[in-house]
Amino acid sequence: MVNTRILVNEFEYFEPKTVAEAVDLLARFGKEAKVLAGGTNLLVDMKLEKVSPKYLIYIGKIPELRSITRAGSDVIIGANVTFFEMMKAAELKDYPLLREAIESVQLEIKRMGTIGGNICNAAPTASAAPPLLALEAKVKLVSKRGSRVIPLEEVFVGDRQTSLAPDELLTEIHIPALDGGCGTAFGEIKRKIKFAAVVSRQGDTCKRCRIAMGGDVERPIRVRNAESLLEGNRVDENTVRSACEAVLAEIDPENWYVREIAQYLFPKVLQEAWERAR
Amino acid sequence: MATQYHTVGKPSIRKDAIPKATGQEKFTCDVVIPGMLYGRILRSKYPHARIKRIDTSKAEAMGAICITFEDVPKAKYNERIVSVPSATFKDRTVLTNKPLHVGEAIAAVAAETEEKAEKALRLIEVEYEPLEPVFDPIAAMKPGKPSLHDSIILQDKVVEIKNNIAAKVEISEGDVEKGFREADIVIEGTARTSRVYHTQLETKSAVVVPEPNGGVTIWTTTQTIHNCRILIGEIFGIPLNKVNVKKISLGGSFGSSIQMNSVLPITVALALKAKRPVKMCTTREEDMYDHCRYPMILKYKLGAKKDGRLVAGEMEVIVDIGAHNIQAYPLLGCTAGWLVSLYKMPNLKFVGKAVYTNKAPACAMQGFGNPQVNFIAQTMMNEVAEKLGLDPIEVELKNYVGLGDVFWGQGPTVRSVIRSCGVEELIKKGAEMIGWKNRGRPQDKKGDIVRGIGMARGFHTSSAGGPMAGEAVDFSGAMIKINEDGTVDVIAPLQDMGGGALEAGLKIVAETLGVPLDCVELAPTDTCNSVYDVCLHATRGVYAGGGTLKKVAEQVRQKLLEFASRILGVYPHALKIRPDENLKQGVIYAEGISGKEITVKEVAATARNKNWGTIAAVDSLRQGQCPPAYTVYFVEVEVNKRTGEVKPVRAVIGADCGTVIDPIYAVAQIHGSFYRGLSYVLCEDTKYKRRTGELTNKGFLSGYNILKAEDMPNPDDIQVFFANTYEETGPFGAKGIGEAAINPVPAVVANAIYNAIGVWIREMPITPEKVLKALKEKGGN
């Protein structure tokens, strides 16, 4: 039986002040190190002895990871920005679905949990994942070897698994500006299923749409099949139904309850985004 | 009624509010003794096993003190001694060499720090011989299944256990066959209630100091310091005057500390071996493997006449008690009693069986069998009403046990006649407030999201008192003394589970003595300086504990008036006392005679200076009744027919607790219990893995689903009101409220769900999955 009152395993603790220092440490320790941000997942896992890192690299003392800025039409969120700070940020006012998704996070997690940590923990239920996927966010990964910017979609490779190399640090999240006149929506049934949708329309035809799903599924994903069934078509009962079929195809056939509620929630979220689009 | 009092019935800020809110209150885990060691417990990996070999040498080599089954007393005991010896089944030892559930204690260590103790624990080598486990209570009763206990001890006699049946109770009144023949309608149903973890804030803890005289001083998580003392004395053979259990704040309990907690005797054994103080604070994971609510399978058959009058009832209850029999026998008796006391039923048959399984032992939890029985009885009564086309309220009013009827407060041996009853008043007023008449029929409700209103009523005993001695011990004791400055010390071993029983007690003392509440304080209390008090349980805090304080305070008042009479030259019975908030004193005066006035302080100081002695009294009280406190719940829920989600949105709750001692805490008790009950009925359960016998959440609180603040109805949408009743046998007319506040909650939610969507769900927890499944099955028919 584990003892969650104490951290049983011993580790060495670092507080780098710059990204360069942090990636230096990652290059040195690789897989034996863990990056500590808000700690709302990592410390729990350490107490449960699911992970026992030998080195802990706390990135909360790196000022540049704590800001939200604009670069051209993109908004750039530092990896160490908390959910609470995101809720208050003027730069994120244009992305109401992101705010909606974060709003229901419990208060303690909102205060401690960070956007970078939420992504790197890669839980299928990650609060920020569906809206960021639907917004086509990108992430910046830095290592001693250099840096790269990749679509967020490529980060999530499995249940709690990311494509990050052991020496890479996620430093920024880039959110592109939304198309003028597009509609967005977010809906969830706690711990079970979440949908985010971004839709542009031209009359009764769907010009462009991005649909993302998370929850009691394998990993947060874009449902591309649903998107292509809608794009270029009239949005009506039939197309929504076939898009919903495409959504269901991504959910475990054994998971009857989640399939049931997905059929209720998905059309609702899609409809809401559609009606908000101009 | 309450207006005639200066303190009773008025709101006050409880004395532990500020220390608790600011983190200054001390709990067992805050106790630090110089030179103390930290203890940790090694717990079984297997649900059923024999320990073949256990090697502590590596742990000892690093300096840890270790104990195993070999180092502890071998006599079996039962950790709960609220019942008399003839009803106390003994089946456990301090540590075991035959663990019966995952998490049962098999060894323990003490070391200089908790980290070292944890390391030492992992160095202990254990060779297990795994035995076949049994998890299902029905399967456990079948022949050929592994036996958990071959025998137990009952009153020093060895009693054989057959088919894992730990206890059985059968009760029969009238002729049930005849009753069903006379019925116009007979319905049958089965309910399953969940194995809920108490989720109290404080995990079980103990600090034990071995004393030079061979005794021990103890701080521990408990509802009863005196019973802990008796048990430790018995188990370790220490005279009771050398066992001192200090009262310390309890961080919530919900009943889980009615028994001496499982870690206290282990800590005592460690401290005696180490010859040093030892502190043991369990983790949440350990605590989750330590106790839970009694889960039940309840089969019920009900017969009624066309007008809704009940004629017969037959109930069979199977209780999955887990690995130890803490109080299954009194539980079964109580369970029968709750049914008998709910409805007037001329013909009744009750069979209850408690079955051992290889799971964490179940124990008392707020309601003690009452919410479980209430769940099946009140939902099936509702179903009868619906089937007969009658208003469920009318049917309740026709059948409830009320004024002048006999009430079973704690099983068949604790009975008394009901002298105060607000049921009718609560039902009628509550129905008006919620808009009962406009609740509509399920078949008429349209849309994906529908609302329904349910009603359920319940009660709980106030104490296990009664005119004769029953199977439960029930009396309290206290000492009260007036200090030389007119302030008052109350030395009461009574505990407070957080509901405010002690604050109520202080108000009762202030009211009786006629002094301001500020003058009265709880003195630090331990088992050496206080007289016996059985335990805080059975909603007895205000009625029996408060009743005792009133009795003792009256004796103090008498002595005070006698001393004042000597000074004032006025007969004692002609003197009165009033609290003076400016003087912060009680003032004794002769009505209508000017100049005949003196403060309590002046009397106490004079008594000292003239060597008259201390104005004090000590006494015990056994209440001669067990009056029921009643509650009536009206709850509105919103059900999403597409997702099965149930959201409670509004409630009207009426309570009859006699005189309300403090309106703020009485309402708070009801709010808290409503929330606790909602979580019980809608989502909580501890589940076990079939093969390994582990909890599916492994004991992690993060993996245990409970309702959170955001899932609850807004407190502004919960209206609470009180009946205008006076219980003549209670202090200032008061009864209890504690457990009555939760009992009807599961039933009222199920009844509201029926009113919304037209299906009865009798398997707790009522999860969205179950609601959706039930709707689909109904649609398919």
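**Entry 1: where the chains touch**

I looked up the contact between the two chains first: 17 residues of chain B are in contact with 15 residues of chain A. Contact here means that the C-beta atoms of two residues, placed from the backbone, lie within 7 Å. Helices are DSSP runs (H or I, at least four residues), numbered from the N terminus. I then sorted that side of chain B by class and noted ten charged, five polar and two nonpolar residues. Ala, Val, Leu, Ile, Met, Phe, Trp, Tyr, Cys and Pro count as nonpolar, Asp, Glu, Lys and Arg as charged, and the others, Gly among them, as polar.

**Entry 2: model and confidence**

I am reading a predicted model, in which local features need pLDDT of at least 70 and side-chain atom pairs count only at pLDDT 80 or more, while totals for chains, interfaces and linings use all residues. Residues are numbered from 1 along each chain as its sequence is written, and chains are lettered from A in the order in which they are written. The model scores ipTM 0.93 and pTM 0.96. For chain B I noted a mean pLDDT (the predictor's confidence in each residue, from 0 to 100) of 96, with 99% of its residues at 70 or more.

**Entry 3: domains**

I took the domain bounds from an automatic or database domain assignment. In chain A it gives domain 1 (12-58), domain 2 (63-175) and domain 3 (183-276). The C-alpha centres of domain 1 and domain 3 of chain A lie 36 Å apart.

Chain B is assigned domain 1 (2-24 + 475-621), domain 2 (31-131 + 201-252 + 257-288) and domain 3 (296-467 + 625-780). Between domain 2 and domain 3 of chain B, the C-alpha centres are 36 Å apart. Their contact takes 20 residues from domain 2 of chain B and 21 residues from domain 3 of chain B. On the domain 2 side, α8(B) gives the largest share, three residues. By class, I counted that side as seven nonpolar, six polar and seven charged residues.

**Entry 4: a helix pair in chain B**

Which residues of α16(B) meet α17(B)? I found B:Phe674, B:Gly677, B:Leu678, B:Tyr680, B:Val681 and B:Leu682, which meet B:Val745, B:Pro746 and B:Val749 in α17(B). These contact residues divide into eight nonpolar, one polar and no charged.

Note on methods
Helices (H or I, at least four residues) and strands (E, at least two) are DSSP runs, numbered from the N terminus.
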